[in-house]
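Hello,

Here is the structure we talked about. Please have a look at it first, then read my notes below.

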Amino acid sequence: MYIGVDLGSRTVKMAVWDGERLVDHQIAASGFEPHRQAEKMIAGYRAKRVVATGYGRHLAAEHFADAVITEIKAHALGIFHYFPGCTTIVDVGGQDSKVISLDAAGRVMNFQMNDKCAAGTGRFLEIMAASLAYSLDEFGRAALGADREVQINSMCTVFAESEVISMKNRGIPRDHIARAVHGSVADRLAGMLARLGHGETVAFSGGVARNPCMVELLGQRLPGVRVLVTGLPDIIGALGAALHGAGV
Amino acid sequence: MTVTPFEIKAYPEMWAELDMDVPRFDKARLMLGELYHKSYLSQKNRPAAMTYFDNMIAEIHGGRIKELLAAKAEGRPVIGTFCVYIPEEIVLAAGGICVGLCGGSQGSVPDAEKILPRNICPMVKSAFGFKAGRICPYFQAVDFVYGETTCDAKKKSWEILDTLVPTYVMEIPQLKRQRDIDLWLAEVKDFKTKVEEVAGKTITENDLAAAIKIMNAKRKALQRLNSLRHHNPTPISGKDGLLIEQIAFYDEPVRFTVEVNALCDELEERIKNEVAVPAKKATRVMVAGTPMALPNWKIHNLVEGAGAVIVNEESCIGTRYFKDLIDESATGMEGMLVALTDRYKEIDCSCFTPNNERITQVIKEFRDSQAQGIINYSLQFCHTYNIEEIRIRKACEQEGIPYLFIESDYSAEDIGQLQTRIEAFLEQIGE
């Protein structure tokens, strides 16, 4: 058994690889002590090697992990497992968004990451959902179902929130605003992809890839490109860490 | 084992005489001591000659300030600057002291933001805040500040700074045509006149020739240190290398030159005996871009904390400060001033357009330093370096050089993200 643990800004993800396939996974909130949360999650397994990734990777190494790799490398390994041949990854997590380009063998060639703000991240979507009184699941669904898209100009979370409030107060329906928020994140991701360059397929990973509207709008902004998503986009990083532990 | 924390020496009476905010400054002193302890003294296997530079940090707010005040008492001018385009030779020739002013700390930024706009360069804000908050003994000790026109934030902030401390401005052109060089020479002459006026003496040809020799010797010592850092494995950490480049801006030049050369002798011994500071296989990284003013060790801490080593800084606090020498064969006051201006115009700051020399220089330093990748660092809102990044990136792509661009400021809030990016960059180089 090889275990990968991804200690992210919002959730801890765990993936178990038995040398041939993914045999188990878990996702839990990070809490105040993410390493303790992670320890609980791996407690029932006898792992040959535990590899940590994510923001808490070094904390995990202090407590239990045998090795650490960055999220960039972990997502590269995880996506290469599911989609060999796909050379571009968009990973949107709680606190970061990243675009990664790989060579044909799955090695990281280049990457870009958002700067020190929440723009274009899962956290941004969460804050915007809250200000529109949606749960996160409703938020994506409502945005997907909206028949019109208005424009949000600001990418800064603070300013975008003011913009959303002023839209509400102009009587714009909230599903239209929801779609606009998603659109602004998709624009930002498409911009990062354009700067880095991308292939004909783009794999979308991280928790935000579970949002159907994000997948739809990202595809719309990348004409001719197929956006690939696995059934479990959240655990790609954890799986990549487990694969690294197994020497894949 | 108890570890004695590193202490920046306190001189509360002298600080009070300098009209400083002493209680606040004393807190900053303790924080700097802690930071230095953590970043520097925790390093293993440092060269013995670093003791001198440790002491320069311990006495940064004391011993060196005393020297400045003693010079002033003798009627020698003490001039604060912010840019490697201000010709130090002229200040030295007049018997004066030229110091680079404080501007590398987040601590003074809130003081500046009470007055200046927030969305400008952190170095300008930090520097301005040090004066506004009365928390930099150098700022309190100088006769005046000589600024320049190398960016919009500085250019316009001088007008505001002038209300707090007399501030003069040297016009640095933005192109390097003959008519620009003519203007530049005239500006150098104006600077000389101003310095002579404050010093109350006329600079002779001998004065200037001697000052040029002193500064050339200092630059040669720094060049020597830089080329020793290029040895693989490198005999000194990047943090220590950067520290010396930072101290170069406030130490007495002749003494500093002696100490840098002594360090270089030790480093040569280390190379002979195959003593390497980081692990022998440590990934070698070169930094290019905007200056890292004391105590901005953010990138170096992250890179070297991840087990890699920085072997070159292509920066104003780095090679741009010392890569060019003044031709010492020039004679006569006019001839020497022309030679001096010729040297200063070789500095390839991104405020010039076009600035093709810098692209070539970055690649050259990458090759010379035997680095394996380049981190291009730009301070936030530094438009010229931020935009020139596009050309540096293209050149690195063409040359197949692993490349990472970081835009950041002095705050700690992006440390997590930067750590991930830097570690991923090192993984990428390692693959």
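Helices (H or I, at least four residues) and strands (E, at least two) are DSSP runs, numbered from the N terminus. With that in hand, start with helix H14 of chain B, residues 298–305. H14(B) is followed by B:Gly307, whose phi is positive, near 95°.

Two notes on the source. This is a predicted model, where local features need pLDDT of at least 70, side-chain atom pairs count only at pLDDT 80 or more, and totals for chains, interfaces and linings use all residues. Residues are numbered from 1 along each chain as its sequence is written, chains are lettered from A and ligands numbered from 1 in the order in which they are written, and side-chain values use heavy atoms, with hydrogens and water left out.

**Chain B: a helix and a loop**

Is H14(B) enclosed or open? Six of its eight residues are buried, so the helix is largely enclosed by the rest of the structure. Buried means under 20% relative accessible area, exposed means over 50%, and partly exposed lies in between (1.4 Å probe, protein chains only). The buried residues are B:Lys298, B:Ile299, B:His300, B:Leu302, B:Val303 and B:Glu304. They pack against several elements of chain B, including helix H12 (238–247), strand S5 (284–289) and helix H19 (415–430).

Now the loop. B:Leu164 sits between helix H9 (152–161) and strand S4 (167–170) of chain B. Its relative accessibility is 40%, so B:Leu164 counts as partly exposed. Leaving aside residues up to four places away in sequence, B:Leu164 touches B:Phe128, B:Lys131 and B:Ala132. A contact means heavy atoms within 4.5 Å. B:Arg134 is 30 residues from B:Leu164 along the chain, and their C-alpha atoms are separated by 10.0 Å.

**Chain A: overall**

Chain A holds nine helices and ten strands. Its C-alpha trace spans about 60 × 40 × 30 Å along the principal axes. A compact globule of 248 residues would have a radius of gyration near 18 Å, and chain A agrees with 18 Å. That radius is taken over C-alpha atoms, and the globule rule is 2.2 Å times the number of residues to the power 0.38. Of the 248 residues, 55% count as buried. Take the contacts between residues at least 6 apart in sequence: 66% join residues at least 24 apart.

**Chain A: strands**

Two strands pair if DSSP finds at least two bridges between them. Five strands of chain A form an open sheet in the order S3-S2-S1-S4-S5, with mixed pairing. Its edge strands are S3 (22–29) and S5 (67–68), each pairing on one side only. Strand S2 (residues 11–17) and S3(A) are antiparallel, with seven bridges. There A:Val12 stands opposite A:Ala28.

How many residues of strand S9 (residues 201–205) of chain A are buried? Five of the five, so S9(A) is largely enclosed by the rest of the structure. Both faces are covered. A:Thr201, A:Ala203 and A:Ser205 lie on one side, and A:Val202 and A:Phe204 on the other.

S9(A) runs parallel to strand S6 (residues 88–92) of chain A, and three bridges join them. A:Val90 has A:Phe204 as its bridge partner. S9(A) also pairs with strand S10 (residues 226–228) of chain A, again in the parallel sense over three bridges. Here A:Ala203 stands opposite A:Leu228.

Best wishes
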